[in-house]
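Dear colleague,

Please find below the structure that I am handing over to you. My notes on what was found in it follow directly after.

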Amino acid sequence: MGKWLKITFFTVLLIGTGYLFGRVCMQVNSAYELIFLPSKELLNLLLKFLLAVGASMLASGLVAVLIRPLWIGYIAFTFSGISLLLSWQVSVVTSILVLIYILAGIVYITGVARDLNERISFSIRSVGVGQSMLSMSLALIACGSLYLGYEEHINQTGFSIPEPFMDLFIGQIETQFEMGAPEEDSTEALTELKEDLKQRVEDMIYQKLEPYEEFIPLGVAAGVFMSLVTILGILMFFPNVILGLIFSFLKAVGFVRIVSKTQEIQSLVIE
(Lines give C-alpha, C1' and ligand atoms only; values in the text may rest on other atoms or scores of the structure.)
Protein backbone atom coordinates (compact mmCIF):
# COMPACT_ATOMS: atom_id res chain seq x y z
CA MET A 1 0.00 0.00 0.00
CA GLY A 2 1.47 3.37 -1.05
CA LYS A 3 2.23 6.19 1.37
CA TRP A 4 -0.53 8.47 0.08
CA LEU A 5 -3.08 5.69 0.22
CA LYS A 6 -2.18 5.12 3.88
CA ILE A 7 -2.47 8.85 4.58
CA THR A 8 -5.89 8.83 2.90
CA PHE A 9 -6.94 5.87 5.07
CA PHE A 10 -6.10 7.67 8.34
CA THR A 11 -7.70 10.88 7.09
CA VAL A 12 -10.95 9.07 6.25
CA LEU A 13 -10.80 7.38 9.65
CA LEU A 14 -10.64 10.77 11.41
CA ILE A 15 -13.47 12.11 9.24
CA GLY A 16 -15.55 9.03 10.08
CA THR A 17 -15.10 9.50 13.82
CA GLY A 18 -16.21 13.11 13.40
CA TYR A 19 -19.40 11.91 11.71
CA LEU A 20 -19.96 9.34 14.47
CA PHE A 21 -19.57 11.96 17.18
CA GLY A 22 -22.03 14.23 15.38
CA ARG A 23 -24.64 11.46 15.43
CA VAL A 24 -24.13 11.04 19.18
CA CYS A 25 -24.60 14.79 19.61
CA MET A 26 -27.95 14.48 17.85
CA GLN A 27 -29.06 12.06 20.57
CA VAL A 28 -27.67 14.29 23.32
CA ASN A 29 -29.72 17.16 21.88
CA SER A 30 -32.96 15.60 23.10
CA ALA A 31 -31.61 14.04 26.30
CA TYR A 32 -32.29 16.95 28.66
CA GLU A 33 -34.97 15.01 30.55
CA LEU A 34 -32.60 12.10 31.18
CA ILE A 35 -30.13 14.35 33.01
CA PHE A 36 -32.49 14.85 35.96
CA LEU A 37 -32.96 11.17 36.77
CA PRO A 38 -30.39 8.34 36.48
CA SER A 39 -31.68 5.58 34.23
CA LYS A 40 -30.60 2.87 31.82
CA GLU A 41 -31.17 5.24 28.89
CA LEU A 42 -28.84 7.83 30.45
CA LEU A 43 -26.16 5.18 31.03
CA ASN A 44 -26.46 3.98 27.41
CA LEU A 45 -26.10 7.55 26.14
CA LEU A 46 -23.05 8.12 28.36
CA LEU A 47 -21.45 4.94 27.03
CA LYS A 48 -22.11 6.03 23.44
CA PHE A 49 -20.52 9.40 24.19
CA LEU A 50 -17.45 7.80 25.76
CA LEU A 51 -17.06 5.37 22.85
CA ALA A 52 -17.37 8.21 20.34
CA VAL A 53 -14.79 10.27 22.24
CA GLY A 54 -12.50 7.23 22.47
CA ALA A 55 -12.75 6.63 18.72
CA SER A 56 -12.02 10.30 18.03
CA MET A 57 -8.98 10.26 20.32
CA LEU A 58 -7.62 7.11 18.68
CA ALA A 59 -8.03 8.53 15.18
CA SER A 60 -6.54 11.85 16.29
CA GLY A 61 -3.53 10.09 17.80
CA LEU A 62 -2.90 8.12 14.61
CA VAL A 63 -3.11 11.27 12.50
CA ALA A 64 -0.90 13.26 14.87
CA VAL A 65 1.86 10.65 14.88
CA LEU A 66 1.80 9.25 11.36
CA ILE A 67 0.63 11.93 8.93
CA ARG A 68 3.32 14.24 7.59
CA PRO A 69 3.59 17.00 6.49
CA LEU A 70 1.50 18.59 9.20
CA TRP A 71 -0.66 20.62 6.82
CA ILE A 72 -2.28 17.36 5.69
CA GLY A 73 -3.23 16.71 9.31
CA TYR A 74 -4.70 20.20 9.53
CA ILE A 75 -6.84 19.46 6.47
CA ALA A 76 -7.88 16.12 7.97
CA PHE A 77 -9.11 17.82 11.15
CA THR A 78 -10.92 20.48 9.13
CA PHE A 79 -12.85 17.87 7.16
CA SER A 80 -13.49 15.92 10.35
CA GLY A 81 -15.07 19.04 11.83
CA ILE A 82 -17.19 19.57 8.73
CA SER A 83 -18.34 15.95 8.88
CA LEU A 84 -19.26 16.41 12.55
CA LEU A 85 -21.22 19.57 11.77
CA LEU A 86 -23.17 18.05 8.87
CA SER A 87 -24.11 14.94 10.86
CA TRP A 88 -25.22 17.10 13.80
CA GLN A 89 -26.95 20.38 12.90
CA VAL A 90 -25.76 23.49 11.09
CA SER A 91 -26.20 26.78 12.94
CA VAL A 92 -24.08 29.68 14.14
CA VAL A 93 -23.56 28.16 17.60
CA THR A 94 -22.74 24.68 16.32
CA SER A 95 -20.34 26.13 13.75
CA ILE A 96 -18.48 28.00 16.51
CA LEU A 97 -18.27 24.86 18.63
CA VAL A 98 -16.96 22.81 15.71
CA LEU A 99 -14.42 25.53 14.94
CA ILE A 100 -13.15 25.18 18.51
CA TYR A 101 -12.78 21.43 17.89
CA ILE A 102 -10.83 22.03 14.67
CA LEU A 103 -8.50 24.52 16.37
CA ALA A 104 -7.99 22.15 19.31
CA GLY A 105 -7.14 19.39 16.84
CA ILE A 106 -4.62 21.57 15.02
CA VAL A 107 -2.97 22.59 18.28
CA TYR A 108 -2.95 18.94 19.36
CA ILE A 109 -1.20 17.49 16.32
CA THR A 110 1.26 20.39 16.29
CA GLY A 111 2.15 19.72 19.93
CA VAL A 112 2.55 15.99 19.32
CA ALA A 113 4.82 16.61 16.31
CA ARG A 114 6.97 19.04 18.31
CA ASP A 115 7.29 16.60 21.20
CA LEU A 116 8.25 13.75 18.86
CA ASN A 117 10.93 15.90 17.22
CA GLU A 118 12.44 16.71 20.61
CA ARG A 119 12.74 13.05 21.61
CA ILE A 120 15.64 10.77 20.73
CA SER A 121 13.37 7.76 20.28
CA PHE A 122 9.65 7.35 19.64
CA SER A 123 7.44 7.28 22.74
CA ILE A 124 3.69 6.85 23.07
CA ARG A 125 3.81 9.56 25.76
CA SER A 126 3.99 12.16 22.99
CA VAL A 127 0.39 11.34 22.10
CA GLY A 128 -0.75 12.69 25.47
CA VAL A 129 0.52 16.22 24.71
CA GLY A 130 -2.55 18.47 24.46
CA GLN A 131 -4.91 15.48 24.59
CA SER A 132 -6.92 16.91 27.49
CA MET A 133 -7.69 20.06 25.51
CA LEU A 134 -8.97 18.01 22.58
CA SER A 135 -11.18 15.85 24.80
CA MET A 136 -12.53 18.98 26.51
CA SER A 137 -13.51 20.38 23.10
CA LEU A 138 -15.53 17.21 22.44
CA ALA A 139 -17.20 17.47 25.85
CA LEU A 140 -17.99 21.12 25.10
CA ILE A 141 -19.64 20.16 21.81
CA ALA A 142 -21.80 17.51 23.50
CA CYS A 143 -22.87 19.94 26.23
CA GLY A 144 -23.52 22.58 23.59
CA SER A 145 -25.90 20.14 21.93
CA LEU A 146 -27.62 19.53 25.27
CA TYR A 147 -27.95 23.27 25.83
CA LEU A 148 -29.43 23.90 22.38
CA GLY A 149 -31.96 21.10 22.77
CA TYR A 150 -33.06 22.19 26.23
CA GLU A 151 -33.24 25.87 25.25
CA GLU A 152 -35.41 25.04 22.23
CA HIS A 153 -37.72 22.95 24.42
CA ILE A 154 -38.16 25.80 26.92
CA ASN A 155 -38.76 28.35 24.15
CA GLN A 156 -41.47 26.17 22.61
CA THR A 157 -43.27 24.81 25.67
CA GLY A 158 -41.96 26.86 28.58
CA PHE A 159 -40.00 25.57 31.54
CA SER A 160 -41.27 22.38 33.11
CA ILE A 161 -39.70 19.98 35.55
CA PRO A 162 -39.42 16.48 34.00
CA GLU A 163 -42.18 14.20 35.26
CA PRO A 164 -39.87 11.34 36.42
CA PHE A 165 -37.88 13.77 38.58
CA MET A 166 -41.02 15.39 39.99
CA ASP A 167 -42.64 12.00 40.71
CA LEU A 168 -39.53 10.85 42.56
CA PHE A 169 -39.35 14.07 44.59
CA ILE A 170 -43.06 14.08 45.42
CA GLY A 171 -42.97 10.35 46.20
CA GLN A 172 -40.39 10.89 48.93
CA ILE A 173 -42.49 13.66 50.50
CA GLU A 174 -45.64 11.54 50.29
CA THR A 175 -43.92 8.62 52.01
CA GLN A 176 -42.96 10.82 54.93
CA PHE A 177 -46.45 12.34 54.98
CA GLU A 178 -48.16 8.91 55.12
CA MET A 179 -45.91 7.78 57.95
CA GLY A 180 -46.97 10.79 60.03
CA ALA A 181 -50.64 10.74 59.11
CA PRO A 182 -53.19 9.45 61.72
CA GLU A 183 -54.40 5.90 61.02
CA GLU A 184 -58.05 6.95 61.24
CA ASP A 185 -57.76 9.21 58.16
CA SER A 186 -59.65 7.77 55.22
CA THR A 187 -57.96 6.79 51.98
CA GLU A 188 -59.95 9.44 50.13
CA ALA A 189 -58.84 12.14 52.55
CA LEU A 190 -55.23 11.06 52.25
CA THR A 191 -55.48 11.16 48.46
CA GLU A 192 -56.86 14.68 48.50
CA LEU A 193 -54.19 15.83 50.92
CA LYS A 194 -51.44 14.29 48.76
CA GLU A 195 -52.81 15.97 45.64
CA ASP A 196 -52.89 19.29 47.45
CA LEU A 197 -49.35 18.70 48.71
CA LYS A 198 -48.11 17.87 45.20
CA GLN A 199 -49.66 21.03 43.77
CA ARG A 200 -48.16 23.19 46.51
CA VAL A 201 -44.67 21.72 45.97
CA GLU A 202 -44.88 22.19 42.19
CA ASP A 203 -46.03 25.80 42.59
CA MET A 204 -43.22 26.51 45.04
CA ILE A 205 -40.54 25.07 42.73
CA TYR A 206 -41.85 26.92 39.69
CA GLN A 207 -42.01 30.22 41.57
CA LYS A 208 -38.39 29.80 42.69
CA LEU A 209 -37.07 28.85 39.24
CA GLU A 210 -39.22 30.93 36.90
CA PRO A 211 -37.12 34.16 37.18
CA TYR A 212 -34.04 32.17 36.09
CA GLU A 213 -35.78 30.21 33.34
CA GLU A 214 -33.51 31.40 30.51
CA PHE A 215 -30.36 30.46 32.45
CA ILE A 216 -31.47 26.93 33.36
CA PRO A 217 -30.26 25.26 30.11
CA LEU A 218 -26.87 26.93 30.49
CA GLY A 219 -26.61 25.86 34.12
CA VAL A 220 -27.53 22.27 33.30
CA ALA A 221 -25.05 22.18 30.40
CA ALA A 222 -22.28 23.64 32.58
CA GLY A 223 -22.89 21.06 35.29
CA VAL A 224 -22.82 18.21 32.78
CA PHE A 225 -19.65 19.63 31.19
CA MET A 226 -17.78 19.56 34.49
CA SER A 227 -18.92 15.98 35.10
CA LEU A 228 -17.86 14.84 31.62
CA VAL A 229 -14.45 16.51 31.91
CA THR A 230 -13.88 14.70 35.21
CA ILE A 231 -14.89 11.34 33.73
CA LEU A 232 -12.73 11.85 30.63
CA GLY A 233 -9.77 12.86 32.79
CA ILE A 234 -10.03 9.57 34.67
CA LEU A 235 -10.44 7.41 31.55
CA MET A 236 -8.02 9.21 29.22
CA PHE A 237 -5.23 6.66 29.70
CA PHE A 238 -7.30 4.00 27.88
CA PRO A 239 -6.88 5.51 24.38
CA ASN A 240 -3.11 5.78 24.91
CA VAL A 241 -2.84 2.12 25.92
CA ILE A 242 -4.88 1.07 22.88
CA LEU A 243 -2.81 3.34 20.62
CA GLY A 244 0.36 1.68 21.90
CA LEU A 245 -1.06 -1.70 20.89
CA ILE A 246 -2.17 -0.36 17.50
CA PHE A 247 1.27 1.08 16.75
CA SER A 248 2.90 -2.23 17.71
CA PHE A 249 0.51 -4.09 15.41
CA LEU A 250 1.05 -1.69 12.50
CA LYS A 251 4.80 -2.04 12.89
CA ALA A 252 4.56 -5.85 13.06
CA VAL A 253 2.58 -6.09 9.80
CA GLY A 254 4.83 -3.61 8.02
CA PHE A 255 2.27 -0.83 7.73
CA VAL A 256 4.68 1.55 9.48
CA ARG A 257 8.37 1.37 10.41
CA ILE A 258 10.85 3.03 12.71
CA VAL A 259 13.26 5.38 10.91
CA SER A 260 16.56 6.45 12.50
CA LYS A 261 17.92 9.92 11.63
CA THR A 262 21.30 11.56 12.15
CA GLN A 263 20.90 15.11 13.41
CA GLU A 264 23.39 17.87 14.11
CA ILE A 265 23.27 19.35 17.62
CA GLN A 266 24.58 22.83 18.38
CA SER A 267 25.87 23.87 21.79
CA LEU A 268 27.79 26.80 23.23
CA VAL A 269 31.25 26.00 24.70
CA ILE A 270 34.22 27.89 26.12
CA GLU A 271 37.10 28.39 23.64
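Phe21 is in contact (heavy atoms within 4.5 Å) with Phe49, Ala52, Val53, Ser56, Leu84, Leu138, Ile141 and Ala142, leaving out residues up to four places away in sequence. Please note that this is a predicted model, in which local features need pLDDT of at least 70 and side-chain atom pairs count only at pLDDT 80 or more, while totals for chains, interfaces and linings use all residues. Residues are numbered from 1 along each chain as its sequence is written, and side-chain values use heavy atoms, with hydrogens and water left out.

With Phe49, Phe21 forms a tilted aromatic pair, at 6.0 Å centre to centre and 55° between the planes. Rings of Phe, Tyr and Trp (its six-membered ring) pair if their centres lie within 6.5 Å; planes under 30 degrees apart count as stacked, over 60 as edge-to-face and the rest as tilted. Because Phe21 lies in helix 1 and Phe49 in helix 2, the pair ties together parts that are 28 residues apart in sequence. Both Phe21 and Phe49 are buried, where buried means under 20% relative accessible area, exposed over 50% and partly exposed in between (1.4 Å probe, protein chains only). By this rule for rings, the count comes to 7 aromatic pairs. Ring pairs also link Phe9, Phe10 and Phe255 into a cluster.

Phe21 and Phe49 are among the residues with the most contacts inside the largest nonpolar core, together with Trp88, Tyr101 and Ile141; this core has 59 residues. Such a core is a set of buried Ala, Val, Leu, Ile, Met, Phe, Trp, Tyr and Cys residues joined through side-chain atoms within 4.5 Å. Helix 2 gives the largest share of this core, 11 residues.

As to the overall fold, the protein has 9 helices and 0 strands; helices (H or I, at least four residues) and strands (E, at least two) are DSSP runs, numbered from the N terminus. Buried residues make up 38% of the 271 residues. Among contacts between residues at least 6 apart in sequence, 81% join residues at least 24 apart.

Two pockets deserve a description. A pocket is, on a 1 Å grid over the protein atoms alone, an open set of points where a 1.4 Å probe fits, with protein on both sides within 12 Å along at least five of seven lines; lining residues have an atom within 4 Å of a point. About 1,400 Å³ of space lies in the largest pocket, a volume being the space filled by probe spheres set on the points. Its lining has 31 residues, of which Val65, Arg257, Ile258, Val259 and Lys261 are the closest to the centre. By class, this lining has 16 nonpolar, 7 polar and 8 charged residues. Here Ala, Val, Leu, Ile, Met, Phe, Trp, Tyr, Cys and Pro count as nonpolar, Asp, Glu, Lys and Arg as charged, and the others, Gly among them, as polar.

The second largest pocket holds about 300 Å³ of space. Ile35, Leu42, Leu46, Val224 and Leu228 are the closest to its centre among 15 lining residues. This lining has 13 nonpolar, 2 polar and no charged residues, and helix 8 (216–235) supplies the largest share, 5 residues.

Lastly, Tyr147 is found in helix 5 and, at 23% relative accessibility, counts as partly exposed. Beyond its neighbours within four places in sequence, Tyr147 is in contact with Pro217, Leu218 and Ala221.

With kind regards
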